[in-house]
Amino acid sequence: MEDKILSVIVLAAGRGKRMCSKVPKVLHHLLGKSMLSYVIEAAWRIRPREIIGVVSPEVLEVVSEWEVNGPISWVVQSPPQGTADAVRCGLSRLSPKAKYVMILPGDVPLVRPETLAAMVAEMESSGEGLVVLGTKLNNPYGYGRIVTDEKGDVLKIVEERDANESERTIHLINTGIMVFERARLMEELKGVGTDNAQGEFYLTDLAALFREGGIPVKSVLCEDPLEVSGINDRRQLSEVQKDLLGRLIRRWQEKGVTFVNPETIYLEQGAILGRDTAIDPGVVMRGKVRVGEGCRIGVGSVIENTLIEDGVEIRPYSVIEESVIRSGAVVGPFAHLRPGSDIGNNAKVGNFVEVKKSRLAPGVKASHLTYLGDATIGEDTNIGAGTITCNYDGKRKHPTTIGKNVFVGSNTAFVAPVTIGDNATIAAGSVITKPIPEGTLGVARARQQNIYRRHKRKKDA
Ligand code: UD1
Ligand code: MG
């Protein structure tokens, strides 16, 4: 395509009533990313001179913070009065150098750049008028139908609610994606009224207006209806997500990842999974989760933005956020790693252990019922069951530093800030408030006393 004569207007200001949501439709997520960002990414890939996003004030609040990799301008359409009105708003910002304008609805997140490029190519070959992207649906209910003449040229597009019985039997539907010659679009837009079932300005009316004016209206067929399905309600949202997820899982299967029961897994585009890693049923991975080779991720684990190196075992029902787990470590079952946890090589974090903003050196073991917060723990140290770092004094957080090869007896409380030297031993049940020097035994508990009590004899009955 000749560069930079095409501008794209993305329509994203509609109310999305069928979503029944406070959140604007185009900001609903598919695999962790909004529908709108999928559409904008596809649009960038055909290298337009600019993108204009027509949005509602609510959407503007969110998108104005997006980092966009090109000249994108946001225009507010309020109130939304239909797709033709939205295009009118978009045109007010259009660069005068744009010869062609692509209209891209914000609710078709799966559309591929290749399909968009094919439409532009069709536009360039006819040189004028309008190109509409259609697809054939077994059940076209709800969509605008493309009415064609015997040559296959478009006569008009009629919306579901305004269609007569014979028009409703047409399977060729309007995907909502169109490419216009800009000058014609501006001219003909003036003729669009609101004489329809919804009382809105329909962009689709332009097909008939162009045709009546003797301007060519072509349609390009998209072979895969799913690619261009417009998401209007939550059922469609979940169907499209299911398809995307299926494709993502297949991609990782091809790269050597085992999914024990793929239908039960959720992961997002940001996941990177190593060869010979096995993912058990019910695992959820959100954001950027990187898993090395030969790992096992146990049933029901939830992992977010985390780096897991090779040969790690995450046992069932562990919850892991923004952490690093190094080679050979074992975590869980029922472990909770909160942000900032760094679990060293071959370390072990066992059941009902919570770790937050703490660094466990290689070989550290914290196997049962423990809370480690703001702690640094040296190599091969063993943390006994029930150990707690008391890191919060009601106002501030304080660090606990434990050396190498320390033996922490069960039910120890570290009242932070506190430092323990290498090779120290701590007696079970201690409340440690003072530093323990290297190689010493710290005991901080009441000494046991056994008090003799004379046995009262029961009186004989
Ligand atoms: C539209 C088409 C229909 C097509 C279908 C494909 C019209 C009149 N109908 O119907 O022919 O089959 O898409 O999915 O164009 N929007 C605005 N401002 C508005 C109204 C809508 O920005 O005033 C935006 C929406 O946010 C959405 C897009 O335009 O992203 C399409 O609007 P939507 O209400 O989903 O139209 P459909 O009923 O799906
Ligand atoms: Mg729609």
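Mentor: Let's start with Pro333, which is found in the loop between β24 (330-331) and β25 (336-337). Those strand names come from DSSP runs, counted from the N terminus: helices are H or I with at least four residues, strands are E with at least two. Keep in mind that this is a predicted model, where local features need pLDDT of at least 70, side-chain atom pairs count only at pLDDT 80 or more, and totals for chains, interfaces and linings use all residues. Residue numbers run from 1 along each chain as its sequence is written, chains get letters from A and ligands numbers from 1 in the order in which they are written, and side-chain values use heavy atoms, with hydrogens and water left out.

Trainee: Got it. Is the peptide bond that joins Gly332 and Pro333 cis or trans?

Mentor: It's cis, with omega at about 5 degrees. The bond from Ala416 to Pro417 is cis too, with omega near 0 degrees. You'll find Pro417 in the loop between β35 (413-415) and β36 (418-420).

Trainee: Does Cys20 count as buried or exposed, and how do you know?

Mentor: Look at the cut-offs: buried is under 20% relative accessible area, exposed is over 50%, and partly exposed is in between (1.4 Å probe, protein chains only). Cys20 has 70%, so it is exposed. It sits in the loop between β1 (6-12) and β2 (29-30).

Trainee: And Asp380, exposed or partly exposed?

Mentor: Asp380 comes out at 45%, so it is partly exposed.

Trainee: Why is Ser56 called buried?

Mentor: Because its relative accessibility is 7%. Ser56 lies in the loop between β4 (50-55) and α2 (57-63). Leaving aside neighbours within four places in sequence, it is in contact (heavy atoms within 4.5 Å) with Ala12, Ala13, Val76 and Gln77.

Trainee: Is His28 buried or exposed?

Mentor: His28 has 10%, so it counts as buried. Like Cys20, His28 is placed in the loop between β1 and β2. Its contacts beyond four places in sequence include Met19, Lys33, Arg234 and Leu237.

Trainee: What makes α3 (residues 83-91) "mostly covered"?

Mentor: Seven of its nine residues are buried, among them Ala84, Val87, Cys89 and Leu91. The covering includes β1, β4, β5 (72-76), β6 (100-105) and α6 (182-189). α1 is mostly covered too, with nine of its eleven residues buried, including Met35, Tyr38 and Trp44.

Trainee: How do α6 and α7 (residues 205-212) pack?

Mentor: Their angle is about 100 degrees and their axes are 10 Å apart. Axes are lines fitted to C-alpha atoms, for helices over the stretch in contact, and angles run from 0 to 180 degrees between N-to-C directions. Under 35 degrees is roughly parallel, over 145 roughly antiparallel, 65 to 115 roughly perpendicular, and the rest oblique. So α6 and α7 are roughly perpendicular. Arg184, Leu185, Glu188 and Leu189 of α6 meet Leu206, Leu209 and Phe210 of α7.

Trainee: How do the residues of that contact divide?

Mentor: Five nonpolar, no polar and two charged. Nonpolar covers Ala, Val, Leu, Ile, Met, Phe, Trp, Tyr, Cys and Pro; charged covers Asp, Glu, Lys and Arg; the others, Gly among them, are polar.

Trainee: One last stop: where does Gly340 lie?

Mentor: In the loop between β25 and β26 (342-343). At 39% relative accessibility, Gly340 is partly exposed. Gly340 and Val324 are 16 residues apart in sequence and 7.7 Å apart in space, C-alpha to C-alpha. Beyond its neighbours within four places, Gly340 is in contact with Glu321, Glu322, Ser323, Lys357 and Ser358.
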